[in-house]
Amino acid sequence: MNSEQQYIELYQQAREMIFSHAPEAMNAVRDEAFENFKTLGFPSRKVERYKYTDMQKLFEPDYGVNLSRLQIPVDPYEAFHCDVPNLSTSLYFVVNDMFYHDEKPKGHLPEGVIIGSLRDYPELVSKYYTKQAKTSEDAVTALNTMLAQDGMLVYVPKNVKVDRAIQVINILKAPTLRVKSDARISSSEPEVARPSAKATPQNAQRQVPDLMVNRRVLIVLEESAEIKMLFCDHAADDRNFLATQVIEAYVGENASLDLYCMEETHHKNVRVSNVYIDQQANSRVNHNVITLHNGITRNKLDLTFSGEGAECQCYGCVIADKQQHVDNNTLITHQVPHCTSNELYKYVLDDKAVGAFAGRVLVEHGAQKTISQMTNQNLTATKEARMYTQPMLEIYADDVKCAHGSTVGQLNDAALFYMRQRGISLNEAKLLLQNAFINEVIDHMQLEPLRDRLHYLVEKRFRGELNKCSGCKLCK
């Protein structure tokens, strides 16, 4: 059976349950997403944008799905404490794929700013949901839209600036539940459906070892609005997790969005994230992806310039070892003139880790005066580590300044020899050079407390001391 077939059967059998636990605005596009998913299927490695990650294999295992919306018994405010001191944020939690409603009082948000569940704001959700993330173009986006039942809405009205950064902690925690022997169940039963569950008594009593979650985030910034957002991914159980995530961001004219996504999970976690950003005239976006601990990670960024004078800065920082796999794929589309894009992604790979970066800048007809720079630089610390890099420019305008480049290499032997002569051990010399290499990306981050803390976390990561977030009590 193909990987997608189990999800097709799950939806057909559990459609009534999915609809009963989701808001109308999300249900309105669900059947269309299902039909698109059936048509597309998971892409093979012959598809250009997925050539470095086997999507069929990622979705093949039999994961449990919490379709009945059983509440996970955890108080994240008691269990989690921020690992970034002096970072003044308004803190929110998403437990698996459910927005955590029982929040403690936070710092006052400016008038009109909304941060909450998608189910509570149907008019806004209906206006923007799936308008950027087309289910007809990507199977993972279609699957997420087909199964997601809740999500997070961030709305900033015209001329409003949110001074305090918004920090969102995504916590993965598996429930101890009985497995459904048949997905055709009533919505009142507090159990987890599995795509390929067999209808046997023994199977009905099995504990769910693995869990799939489908997160959804919608960010809307009206004209001249500003916000900074930090998403942190953590795994609270030593289980196999599969997390799909779709983020849609609409950045209005003269608006400013800083979006930081940091992953600190574990080797049993699979993360597939699709980020869609639409920028209007004179808007600014600063997008940062930091992978410190993971199992298999596949990040996709689709950013479109829809208005003149817009600017984006996209940075990626990846540290991987053992058999970890990190694949970043970006597409920046210049539809209009006078826009600027800059990309810098850096990888440090050790042991048998695999890294991939495929970036494409598309300059469409008429998009004159475009300025674009794409850079991918990589260090492989062992002969077994593998890095695949593919920067691409596709230009249909004649008055542009566009450049791209990539490098893959090892640590400089002359620099190592120089430090060894001065009494520095080989391991310490390697650590210093790796830190200096990766810090160029971190130094571009606008949140100073986060930037300073990441310097510390990266050093601990290189020393092998960062096994879990030191502020988290969930998995201790």
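Guide: The account below begins with the sheet, moves to the helices and loop beside it, and ends with the aromatic pairs.

The model is predicted: local features need pLDDT of at least 70, side-chain atom pairs count only at pLDDT 80 or more, and totals for chains, interfaces and linings use all residues. Residues are numbered from 1 along each chain as its sequence is written, and side-chain values use heavy atoms, with hydrogens and water left out.

The open sheet is formed by 10 strands in the order β3-β2-β6-β8-β10-β12-β14-β16-β18-β20, and its pairing is mixed. Helices (H or I, at least four residues) and strands (E, at least two) are DSSP runs, numbered from the N terminus. Two strands pair if DSSP finds at least two bridges between them. Strands of a sheet pair through backbone hydrogen bonds, either parallel or antiparallel. At the edges stand β3 (98–99) and β20 (401–409), each with a single partner strand, so one side of each is left without a neighbour in the sheet.

Several of the pairings can be followed residue by residue. Strand β10 (residues 256–264) pairs with strand β12 (residues 284–293) in the parallel sense over nine bridges, and M262 stands opposite I290 in β12. Further along the order, β14 and β16 pair in the parallel sense over 10 bridges, with I319 opposite V348 in β16. Strand β16 is also joined to β18 by 10 bridges, and these two strands run parallel. Here S341 has S372 in β18 as its bridge partner, while K346 stands opposite Q377 in β18. Nine bridges then join β18 to β20, again in the parallel sense; the bridge partner of T375 is G405 in β20.

Buried means under 20% relative accessible area, exposed over 50% and partly exposed in between, with a 1.4 Å probe and protein chains only. Nine of the 10 residues of β16 are buried, so this strand is largely enclosed by the rest of the structure. Seven of the 10 residues of β18 are buried, so β18 too is largely enclosed.

Helix α10 (residues 426–442) lies across β14 (311–320), β16 (340–349) and β18 (371–380), and runs at about 155° to β16. Helix α11 (residues 448–463) lies across β8 (226–235), β10, β12, β14 and β16, at about 25° to β12. Axes are lines fitted to C-alpha atoms, for helices over the stretch in contact, and angles run from 0 to 180 degrees between N-to-C directions. The charged end of K346 sits over the ring of F437, 4.3 Å from its centre. A charge sits over a ring if NZ of Lys or CZ of Arg is within 6 Å of the ring centre and within 35 degrees of the ring normal.

The loop between β15 (325–334) and β16 contains V336, which is buried, with a relative accessible area of 16%. Leaving aside neighbours within four places in sequence, V336 is in contact (heavy atoms within 4.5 Å) with F305, S306, G307, E308, A367 and T370. The C-alpha atoms of V336 and K369 are separated by 9.2 Å, although these residues are 33 residues apart along the chain.

The aromatic contacts complete the picture. The structure holds nine aromatic pairs. Rings of Phe, Tyr and Trp (its six-membered ring) pair if their centres lie within 6.5 Å; planes under 30 degrees apart count as stacked, over 60 as edge-to-face and the rest as tilted. The rings of Y7 and F42 have centres 6.1 Å apart and planes at 85°, so this pair is edge-to-face. Y7 lies in helix α1 (residues 3–20) and F42 in the loop between α3 (30–40) and α4 (55–58), so the pair ties together parts that are 35 residues apart in sequence. Both Y7 and F42 are buried. The rings of F42 and F59 have centres 4.4 Å apart and planes at 20°, so this pair is stacked. F59 is buried as well. Together, Y7, F37, F42 and F59 form one aromatic cluster.
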